[in-house]
Amino acid sequence: MEGDANAVSFAGRLEHVHATAAASEPMRELAEATLVAGVGIDGDRYATRRGTYSARHHIDRQVTLIEAEVLEALARDHNLVIAPHEHRRNLTTRGVPVSHLVGRYFRVGGCLLYGGRLNVPCRYLEQLLGRPVFRPLIHRSGLNGRIVVGGTIRPGDPIVPVDRDELAAGPDAELVLANDRHGLEPPPEVW
């Protein structure tokens, strides 16, 4: 947003894509994935409502992202190694400050996403991994997002912020206006 002091500028990339068909099953790394607008990643547990938290579905939980830099910091600062297939997020990014994307539009390849709320760590992940990941992930557990315009994504795809006003004046204007009607999901009261 020109002249907007809150404008976000970065150029990151998608490093890994993961999905799984059901709760607690191991995440599979994908060479490409189909993002379905308003639904999620084709075949993923949350798109099919077979995930651990599916009973508490919200529009902001169609796709999840986490920064590769967070995983590197956990290894460096806490001697805690979490591989990309273990963190249970769908998209692992590099060079993307996901906390800056709450309430903002961004592209992953040709898809248009919208940042919902920041993800919070859960004890469930700690139980699955058998490692003390809960506390080290507080305030850096990733981002929940909406898929506004779907398509196919692949590791290596660019991730860039998109100006909302430019979108609202372009071919995706109706989708943006429809998305804007939904409020952001509030963070959970208890982790």
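Biologist: Which residue is the bridge partner of Thr34 in S10?

Modeller: In this predicted model, the bridge partner of Thr34 in S10 is Thr152, and that of Ala33 is Ile153.

Biologist: What makes S4 and S10 edge strands?

Modeller: The open sheet has the order S4-S3-S10. S4 (40–41) and S10 (151–153) each have a single partner strand, so one side of each has no neighbour in the sheet. S3 and S4 also form a hairpin with three residues between them, and Gly38 in the turn has a positive phi of about 75°.

Biologist: What makes a group of residues a nonpolar core?

Modeller: They must be buried Ala, Val, Leu, Ile, Met, Phe, Trp, Tyr or Cys residues, joined through side-chain atoms within 4.5 Å. The largest such core here has 23 residues, and Phe106 and Ile153 have the most contacts inside it. S1 gives the most to this core, with three residues. A second, separate core of twelve residues includes Val70, Ile82, Leu129 and Val133.

Biologist: Which residues of H1 are buried?

Modeller: In H1, residues 68–78, they are Ala68, Val70, Leu71, Ala73 and Leu74. These buried residues pack against S1, S5 and S6.

Biologist: How do you know that Arg94 and Glu72 form a salt bridge?

Modeller: The term asks for a side-chain nitrogen of Lys or Arg within 4 Å of a carboxyl oxygen of Asp or Glu. For Arg94 and Glu72 the closest N and O atoms are 2.5 Å apart, so the pair qualifies. Glu69 and Arg94 meet at 3.9 Å, N to O, so they too fall within 4 Å. Glu69 lies in H1 and Arg94 in S6, so this bridge ties together parts 25 residues apart in sequence. Arg13, Glu15, Glu69, Glu72 and Arg94 are linked in a network of salt bridges.

Biologist: Why is Glu72 called partly exposed?

Modeller: Glu72 has 39% relative accessibility and counts as partly exposed, as does Glu15 at 21%.

Biologist: What makes the nonpolar surface patch?

Modeller: Val102, Leu118 and Leu184 make a patch of about 210 Å². Patch residues need over 30% relative accessible area and no salt bridge, with nonpolar side chains (Val, Leu, Ile, Met, Phe, Trp, Tyr) joined within 5 Å and like charges within 9 Å. Areas come from the Shrake-Rupley method with a 1.4 Å probe, and for residues only the protein chains shown count as cover. Leu184 has 40%, so it clears the area cut-off.

Biologist: What should I keep in mind about the model?

Modeller: Residues are numbered from 1 along each chain as its sequence is written, and side-chain values use heavy atoms, leaving out hydrogens and water. Local features need pLDDT of at least 70 and side-chain atom pairs count only at pLDDT 80 or more, while totals for chains, interfaces and linings use all residues.

Technical notes
Buried means under 20% relative accessible area, exposed over 50%, partly exposed in between (1.4 Å probe, protein chains only). Two strands pair if DSSP finds at least two bridges between them. Helices (H or I, at least four residues) and strands (E, at least two) are DSSP runs, numbered from the N terminus. Contact means heavy atoms within 4.5 Å.
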